[in-house]
Amino acid sequence: REPEELIENLDLNLDQLPDANELEANLFSLKSKRDALGAVNLRAAEDSNKLSEEWKNLTAEQLELETAIKKLRSAIITLNAEGRSRLLEAFKEVNNSFGELFKNLFGGGNAKLTFVESEDPLEAGLEIICQPPGKKLSTLSLLSGGEQTLTALALIFAVFRANPSPIC
C-alpha cells in the first residue's frame, strides 16, 4: 500500500502529527540512553539466586556466631564466679596457715596476706604484711635476708598445706 492510502484508512489528521525532525531527535536520544546502560547481563537472574543463597548462608552463620558468643560470655561469667569463690576459699586457708607458720618459725609475731590494686581477687595482686617479734609491721621487702627467707618458707608451706603436692 501507499502511505496516502494508510493515512486515509487510519483516519489521521496530518496537522496533529509531531514533526519528523523532532521524532528523530527523540529517537536518537532514547538510543543513546539505551547504549549508555551497557550490555544486558543474561546471567543476572542466576547471579541474583547465587547471591541470595550466599546471603542466607551468611545470615545463618551470623546467628550461630551470635549464639556461640552469648554461650561463651555466659560460661566466662560462670567460670569467673567459680574462680573467685575458689580463690577466696584458698586465700583464706593459705592466709590462716601462713599466720600460724610465721609465728612458729619466728617464735611469735604476725603475718598476713592482703589483696592489692583491685577489689576483684581475680585481678588483684598479693602483698605480704609481716611483723617479726620485736619489729614494726612492714612489708616483706623491708625485712632482712634471713627474715625474708623464713617468711617465704612460711608462705610456701602454707600453700602446700592448702593444696598438697605429691612431689615438692
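Predicted model: local features only at pLDDT ≥ 70, side-chain atom pairs only at ≥ 80, totals over all residues.
How do the axes of α3 and helix α4 cross, and within what distance do they come?

**Entry on the two helices.** I looked up helix α4, which covers residues 145-162, and found that its axis and the axis of α3 come within 8 Å, with a crossing at roughly 140 degrees. Angles over 145 degrees would count as roughly antiparallel and 65 to 115 as roughly perpendicular, and α3 and α4 are therefore noted as oblique to each other. I also wrote down that the crossing in which α3 passes α4 is right-handed.

**Entry on their contact.** Next I listed who meets whom: the residues of α3 in this contact include Val-94, Phe-98, Leu-101 and Phe-102, while those of α4 include Leu-150, Leu-153, Ala-154 and Phe-157. Sorting the contact of α3 with α4 by class, I noted 14 nonpolar residues, two polar ones and four charged ones.

**Entry on the sheet.** I then turned to the strands, and found three of them in an open sheet, ordered β1-β2-β3 and paired in antiparallel fashion. Because β1 (110-116) and β3 (138-139) each have a single partner strand, they stand at the edges, and one side of each is left without a neighbour in the sheet.

Notes:
Residues numbered from 1 in each chain as written. Heavy atoms only, no water. Pairing = 2+ DSSP bridges. Helix = DSSP H or I, 4+ residues; strand = E, 2+ residues; numbered from the N terminus. Axes fitted to C-alpha atoms, helices over the stretch in contact; angles between N-to-C directions. Parallel < 35°, antiparallel > 145°, perpendicular 65-115°, else oblique. Left-handed = near helix turned anticlockwise from the far one by under 90°. Contact = heavy atoms within 4.5 Å. Nonpolar A, V, L, I, M, F, W, Y, C, P; charged D, E, K, R; others polar.
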